[in-house]
Amino acid sequence: MHDTDYIIVGSGSAGSVLANRLSASGKHRVTVLEAGQSDVAPRLINFFVHLPLGYGKLFYDPKVNWCYETEPDPGLAGNRDFWPRGKVLGGSSSINAMVYIRGHRADYEEWGAAAPGWGWDECLAAYKAMEDTEAGADEYRGKGGPLFVSENRRGLHWLVEDYIAACGQAGLPYNRDFNGAEQEGAGTYQMTIHRARRNSAARAFLRPAMGRKNLKVITQAMVTRVLIEGGRAVGVEYSKDGAVFQMRCNAEVILAGGAINSPQLLQLSGVGPGSLLQGLGIGVVRDNPNVGDHLNDHQGINYTWEMNAPTYNDLLRPWWGKLFAGAQYFLTGGGPLSKSINHGGGFFRTRPDLDRPNMQLYFQAFSTLIPRNGERPLLTPDPFSGLSIGLSNCRPTSRGQIRIASADPMRHPRIVANAYSTNNDVEEMLAAVKFVRKIAAQPAFVARMKHELRPGPEVQSDEALIADFRARSGTVYHPSCTARMGADEGSSVLDARLRVHGVAGLRVCDASAFPNLIAGNTNAPSMLMGWKGAEVILADAR
C-alpha cells in the first residue's frame, strides 16, 4: 500500500471540490498538496481573505498570491500584464471578486461537442446539485447543495438602480438572474458570500471535509514533478520546509493547480512540447505541443467618471468613513466591506446578428485611479466622488501559451497572452467601449456625471479609442484552456474523462481543462470541473 489513493495537486476552486467529493464515502484515502498556506493563518491574512472587500489587500501579496507577470504584449501596447493567482487554501477563490456566473448555455453545448458528457444538460444538473442559491430552487437553480450563493440584493449602493435604468434606456433590459433562463441584460451580480464572509471553495467544500480521517491536507507543499514510471503516474515529488519528499498513490494523480500551474507541472514532468523539454534537459515522457497552448483569457478595461453624486469614495477614503464602515460591518454584517467591488453588471451583444452576448459589464460605485503601493486600493479609493463601468470580452479569439522557462520548478513560466491579436477582438472591444459611453449618456445617469476621467472626452476617434484600450486593458483573471479536453491528441491534452493523453493514472481537473472559455467569470465553472470531475473519477474507479 502506498501513502494514499488519490493525490490532488492544488486546493483551489476545483481541487477543494474534488477533495470533498472523493473523500465523502470514506472508501478512498485522499491527499491534497497545496503550495500556499492555510486560509486561517496568519491572523492578518486570514482577516483580509474572509472580508469580502479585503481582497484588494491581497492583490499583490506574495504570501497568498503567485503574482505572475506576462511577457511584454504587443496587443497591450508592449506592457507586461499582472496576473494574480491564489496561493492559499481555496486558491484564486480566496482572493477573487466573488462574482458567481456560470456562462451561457451555448458555451456548454460547445463543451459537449468537444467532450461528450460535458454538455449543457449534464452541467446544469451538476450546478443545481452543487448550489444552495439564496433565491431558492427552480428550473435553472439549485437549493440544498454545499455552495451558498448570495442573491446580493440588499445593501447595494443606490447608484446601482440608476445604472440599471440607464442600461434599459440604452436598450439593455433588466435581468434578475444571469444564471437563469437568459444571460443577456443588466442587473446585480450573485456572489459567493455567506453571512458577510467570502464563501471560497475552501470554506464551502474543503473545510467541511477536513475532519474526515481519510482526507489529509498538506500546506506549503510545492509539487515539483509528477513521478511517471512505465507510462503511468505513480506519485509526485514535492518540497516542504527546505526538504524534498516523494508521495506515491494507489489510484491516480490529479492536477488541479489551474491554467498556469497545471501545464507548467506537466511540462516539468516531461509531458509537453518535446523540443522545448529537450532543450531544457527534461526527459520527454509524452510529446504533446498542446500542453500550455490554447491559452484563452478575458480582457477588460474600466471607464471612469467624476460624479456630482456621492459614491463609496466619499465613505471609504476618509478615516472617519473607514471607522464607520468597519463598525457597520462588525456590528451588522452590512455595508460596503461586506460586498464585492462589482455590485452590478450585465451582458450585451455588440452586433444584433450575434446569437448570444459577447461582452460583460461591471458596475463599480467607486474608483481607484490613484495607485497605492502593494495593494489594489479598494479600501482607500480616490479622493473625489468617482464611479467606474468596466467591461470585458466574453469570447476572445486571441490565443496565447504557457511555457516553462527553465527546468527549475521554482521559476515562473513564461506567459504569452497575445491580447487583441485578432481583428475580431479589436473590433468587438471598440464597439463595446462605445456602448459604455452610451450607457453613461442616458438620462438616468448623465445628470450625475461631472466629467469623464478615463479615457477622457478628448479620446473620440476609433484610432484613439483602440490605442487607449490597448494601453489600459488587462486580464480580468480568467485564464483557461491550457490543458483542454478534446477528442484527440492532435488538438488537446485530455480526453473527455480528464485523462492525460498517453499517460495512465494522471488527470487534470481545473480551468485548464475547459474545451473553450465560457462567457463570464470562471470561478463557478472551475468548481463545476471539480464536481463533475469527481463523478467521472469515482465512476472509473468502480
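Which residue forms a salt bridge with D162, and how far apart are the closest N and O atoms? The legends below take up this pair and then other close-up views.

This is a predicted model, in which local features need pLDDT of at least 70 and side-chain atom pairs count only at pLDDT 80 or more, while totals for chains, interfaces and linings use all residues. Residues are numbered from 1 along each chain as its sequence is written, and side-chain values use heavy atoms, with hydrogens and water left out.

**View 1. A salt bridge joins D162 and R448.** The partner of D162 is R448, and the closest N and O atoms of the pair are 2.5 Å apart; a salt bridge here is a side-chain nitrogen of Lys or Arg within 4 Å of a carboxyl oxygen of Asp or Glu. The pair links distant parts of the chain, for D162 is in helix α5 (residues 159-169) and R448 is in the loop between α12 (443-446) and β22 (449-454), 286 residues apart. Helices (H or I, at least four residues) and strands (E, at least two) are DSSP runs, numbered from the N terminus. D162 is buried because its relative accessible area is 13%, whereas R448, at 29%, counts as partly exposed. Buried means under 20% relative accessible area, exposed means over 50%, and partly exposed lies in between, with a 1.4 Å probe and protein chains only.

**View 2. Further salt bridges include D462 with K434 and R499 with D495.** The closest N and O atoms of D462 and K434 are 2.8 Å apart. D462 lies in helix α13 (residues 462-472) and K434 in helix α11 (residues 423-440), so this pair ties together parts that are 28 residues apart in sequence. Both partners are partly exposed, D462 with a relative accessible area of 33% and K434 at 39%. In the pair formed by R499 and D495, the N to O distance is 2.7 Å; R499 is partly exposed at 36%, while D495 is buried at 18%. The structure holds 33 salt bridges, and a network of salt bridges links D107, E110, D355, R356 and R395.

**View 3. The second largest pocket is lined by 18 residues.** A pocket is an open set of points, on a 1 Å grid over the protein atoms alone, with protein on both sides within 12 Å along at least five of seven lines, whereas a cavity is a set of points where a 1.4 Å probe fits but cannot get out; lining residues have an atom within 4 Å of a point. About 290 Å³ of space lies in this second largest pocket, where a volume is the space filled by probe spheres set on the points, which are joined across faces, edges and corners. S150, R154, G333, S338 and K339 lie nearest its centre. The lining divides into four nonpolar, nine polar and five charged residues, where Ala, Val, Leu, Ile, Met, Phe, Trp, Tyr, Cys and Pro count as nonpolar, Asp, Glu, Lys and Arg as charged, and the others, Gly among them, as polar.

**View 4. The structure has one cavity of 30 Å³ or more.** The largest cavity has a volume of about 70 Å³. Of the 13 residues that line the largest cavity, D297, Q299, S398, A417 and A419 are the closest to its centre. By class, the lining of the largest cavity holds six nonpolar, five polar and two charged residues.

View 5. Most residues other than glycine have a negative phi, and most peptide bonds are trans.

**View 6. A cis peptide bond joins R454 and P455.** The omega angle of this bond is about 5°, and P455 has its place in the loop between β22 and α13.
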